Amino acid sequence: MTPPLALTALPQEQVATTPNPGGNALLDLVNKIGPPEWIPDWIVALHAVGAGVGILIGIVSLIAMYSVWMERKVSGHMQCRLGPMYAGGWHGWAQTIADGVKLLMKEDMIPTGADRVLFIIAPGIVLASIFGALVAFPISYDFYFARMDLGIFMILALGSTTTIGVIMAGWASNSKWSLYGAMREAAQVIAYEIPLGLALMAPLITLGTFSLLDASALQSDWFGMKWAIFTNPANLPAFVIFWIAALAETKRAPFDLPEAESELVAGFLTEYSGIRWSFFFMEEYAAMFLMSVIAAMFWFGGFESPATWALRSAGVEGGIFFGAVCFVTLVIKAFAGVFLMMWLRWTLPRVRIDQVMTMGYKYLTPLALLCVLIAAVSEAVKSLLF
Amino acid sequence: MVSTKEYFQNVWDALKTTAIGMRITGKYLMQKPITVQYPDERLPIPDRYRGIHYLEQEKCINCLACARACPIDCIEMDAIRHGKELEWVAFTLDYQKCMFCELCVYPCPKDCIHMGTEFALVTYDRSELNHDLLSFQGMGRGARIRMREAQAKKAAKEKAKAAAAAKKADTEKDADEPEAAGAGTGGDE
């Protein structure tokens, strides 16, 4: 894919040098193993895709489970409580598994006046959109489901598709609370998509790429600390704006107006129970993780850290060990982001809907535009000076 | 409409107050939790706490003072008296009714009913709330021994009395029969 017009003017050394452009790492792996000749290619490809989907579902479920557990522990300790302590033995690590089993056992109820079809497919759409967005999430430099030059576009586009599912759920529930929640979700997402995308522009201008893998590779200098947040003055305020918008996008407190348990029962979740309800929650936690991954990739160096720098200078690059270090680095950074979201949730009181709108349109959008301007100007100055 | 200065002041205030709030929650996060894992560990309970009663059954004399003092009649007690010893049949306290007023504790002449520190009244069935305060029914070991001793003593006394009576009768008989004059000899037969 050719880079967008605005980016073709960038210096040549900024073009990424990650191995294996295009294609699917799993498919390459399968080809390396070399299946027998008589098996048609499409069956091999289908198996590779199936394995990819399996890994993805496993990762998302694990992330959602441990984010829920972490949320409960963090919120407990912030209120001087202990949080779950019994299930599984050590600090209640199996609490979410127990909860999941309980949710599977629960009666699957559909309200009488509900639109059955929409009611049933809404949680599926919500979950499918986040799974789709996670396809662009690379596990390491050599292992990814899809290498996308415009990965961040795809993540943002599919990430905002959840809104359709939420509106469907609200409409299909045949409940005023649900519809209010869904309308608020729509208003909020429309308001915050703009600053989210604009704030992302600042590191995109700094790095000059839309691909997550390339963005990470470009931040590998300075002993693995040439992170975008240090290389451009506009990136720190852009990160703050991005983070506020990401909180609103993922419906997290202080922007949890679509759920709003104090005034709207549970918003669009009111009529849902059991496993369908837990799909919405999996989506919320997976979206939190995904937003944190974006922040880690474009502001905080992606896979790069002094550890990967040390390995690379020792001549270890590629291979399973290096890939594992990359993955652990990214997951640690992403979970630091998830922790920051939880910290903000338990610190700030909820804002009113008009305050949410004011903040989105009057504050974040102009400030994000200002950030883009500063980022562009400082990049231009840098390219003139150095 | 806000002025430019106010606008940036608002932005600054939002960031500053969020930072202050995050410092406070962060401090609490680092602090040791003040709650305890309840069934395993418990916080100390004050001495004068009015929990579930306990009864020093050995001291109780079945005087019914506590049952009479109870304003809602939740104490039921019954015992069979063997001389000074008691054979306990029942001493129940209905915690469906009890309001933990402690009025049963004061009138006790033997100071044997107390308010305890246990407070958990969770049951699967209401009938289980009718607690039996007796640690044993019937008689305790000490009470049995004391009763046996008392009975033996009583029997001996009876016997002695009977003997004395018999002797008296003998002496009276002897008095009727002039040739038997020895007083102590009658009992030896």
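Which residue of β3(B) stands opposite B:R81?

1. The model is predicted. In it, B:R81 faces B:L86, a residue of β3(B). The two strands concerned, β2(B) and β3 (residues 85-94) of chain B, run antiparallel and are joined by eight bridges.

2. These strands belong to an open sheet of three strands in chain B, arranged in the order β2-β3-β5 with antiparallel pairing. At its edges lie β2 (75-82) and β5 (130-132) of chain B, each of which pairs on one side only. Neighbouring strands of the sheet are turned against each other by 15° on average, direction ignored.

3. Chain A is built with 15 helices and zero strands. Along the principal axes, the C-alpha trace of chain A spans about 65 × 60 × 40 Å.

4. The radius of gyration of chain A is 22 Å, which agrees with the value near 21 Å that a compact globule of 386 residues would have. Of the 386 residues in chain A, 43% are buried. Among the contacts in chain A with a separation of 6 or more, 80% are accounted for by residues 24 or more positions apart.

5. Where the chains meet, eleven residues from chain A and twelve residues from chain B take part in the contact. The side of chain B that touches chain A comprises six nonpolar and six polar residues, with no charged residues.

Conventions:
Residues are numbered from 1 along each chain as its sequence is written. Chains are lettered from A and ligands numbered from 1 in the order in which they are written. This is a predicted model: local features need pLDDT of at least 70, side-chain atom pairs count only at pLDDT 80 or more; totals for chains, interfaces and linings use all residues. Two residues are in contact if their C-beta atoms, placed from the backbone, lie within 7 Å. Ala, Val, Leu, Ile, Met, Phe, Trp, Tyr, Cys and Pro count as nonpolar, Asp, Glu, Lys and Arg as charged, and the others, Gly among them, as polar. Two strands pair if DSSP finds at least two bridges between them. Helices (H or I, at least four residues) and strands (E, at least two) are DSSP runs, numbered from the N terminus. Axes are lines fitted to C-alpha atoms, for helices over the stretch in contact, and angles run from 0 to 180 degrees between N-to-C directions. The radius of gyration is taken over C-alpha atoms; the globule rule is 2.2 Å times the number of residues to the power 0.38. A residue is buried if 20 or more other C-beta atoms lie within 10 Å of its own, exposed if 12 or fewer, and partly exposed in between; C-beta atoms are placed from the backbone.
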